[in-house]
Amino acid sequence: MVMTSHSTATAANPVLRVAPASPAAAAAYFGASLAFHADVSDVAAALAADGDPGFVVLDSRSTASWDQGHIPGAVHLPTALIPEQAAALLDPAVPVVTYCWGPGCNGATRAALAFAQLGFQVKEMLGGFEYWVREGFAYETWEGGARRAADPLTAPVDAADCGC
């Protein structure tokens with residue numbers, strides 16, 4: 001079937017059934033998204049670079065989850081304890097990057113909200129601990145350090161970065 005007009009194409013196409021945002025609206029939305037989110041590989045690169053990355057990584061999961069595996073150097077503070085313990089553990093002048101299990105969990109979002117409500121600058125790490133491990137970055141468990149091979153569906157196998 002040949003589409004003869006743009007309106008016919010958009011009516012039949014589920015992607016374009018709702019028109020894309022204007023370029024200005026898209027720029028505002030995606031710019032805001034980057035202000036709120038950090039990507040696993042960007043966090044890993046910043047932590048691997050020499051010197052202070054300028055932020056602290058915070059694991060907002062339970063102690064049992066932390067023991068099962070966490071990002072090296074992360075601070076452990078379960079979400080429920082943030083209001084009463086954050087000020088004693090962290091410098092409010094240093095941005096916080098929160099993470100939880102993965103994309104199916106909103107724990108990092110809840111933790112980020114708690115930090116924002118306390119006056120901290122905060123970002124949420126997209127993908128959480130799941131994608132940290134799936135992208136092949138080292139992690140720590142209660143037994144010591146560990147690392148898995150990168151999942152070729154989430155990270156380039158033979159390249160330093162994905163190029164995005």
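The numbered points that follow take up the basis of the model, then the salt bridges, then the cysteines.

1. This is a predicted model, in which local features need pLDDT of at least 70 and side-chain atom pairs count only at pLDDT 80 or more, while totals for chains, interfaces and linings use all residues. Residues are numbered from 1 along each chain as its sequence is written, and side-chain values use heavy atoms, with hydrogens and water left out.

2. A salt bridge is taken here as a side-chain nitrogen of Lys or Arg within 4 Å of a carboxyl oxygen of Asp or Glu, and a search of the whole structure on that basis finds three of them. Side chains of opposite charge can pair when their charged atoms come close.

3. One of these salt bridges joins the side chains of arginine 61 and aspartate 59, with a distance of 2.7 Å from N to O.

4. Glutamate 130 pairs with arginine 134, their closest N and O atoms being 3.3 Å apart. The two lie four residues apart in helix 7 (residues 128–134), so about one helical turn separates them; helices (H or I, at least four residues) and strands (E, at least two) are DSSP runs, numbered from the N terminus. Glutamate 130 is partly exposed, with 34% relative accessibility, and arginine 134 is also partly exposed, with 23%.

5. Arginine 134 has a further partner in aspartate 151, where the closest N and O atoms are 2.6 Å apart. This pair links distant parts of the chain, 17 residues apart, with aspartate 151 in the segment after strand 7 (144–146) and arginine 134 in helix 7. Aspartate 151 counts as buried, at 19% relative accessibility. Taken together, Glu130, Arg134 and Asp151 are linked in a network of salt bridges.

6. How many disulfides does the model contain? With a disulfide defined as a pair of cysteine sulfur atoms within 2.5 Å, the count comes to zero. Cysteine 100 is in no disulfide, and its nearest cysteine sulfur, that of cysteine 105, is 3.2 Å away; cysteine 105 is likewise in no disulfide.

Key: Buried < 20%, exposed > 50% of the residue type's maximum accessible area, 1.4 Å probe, protein only.
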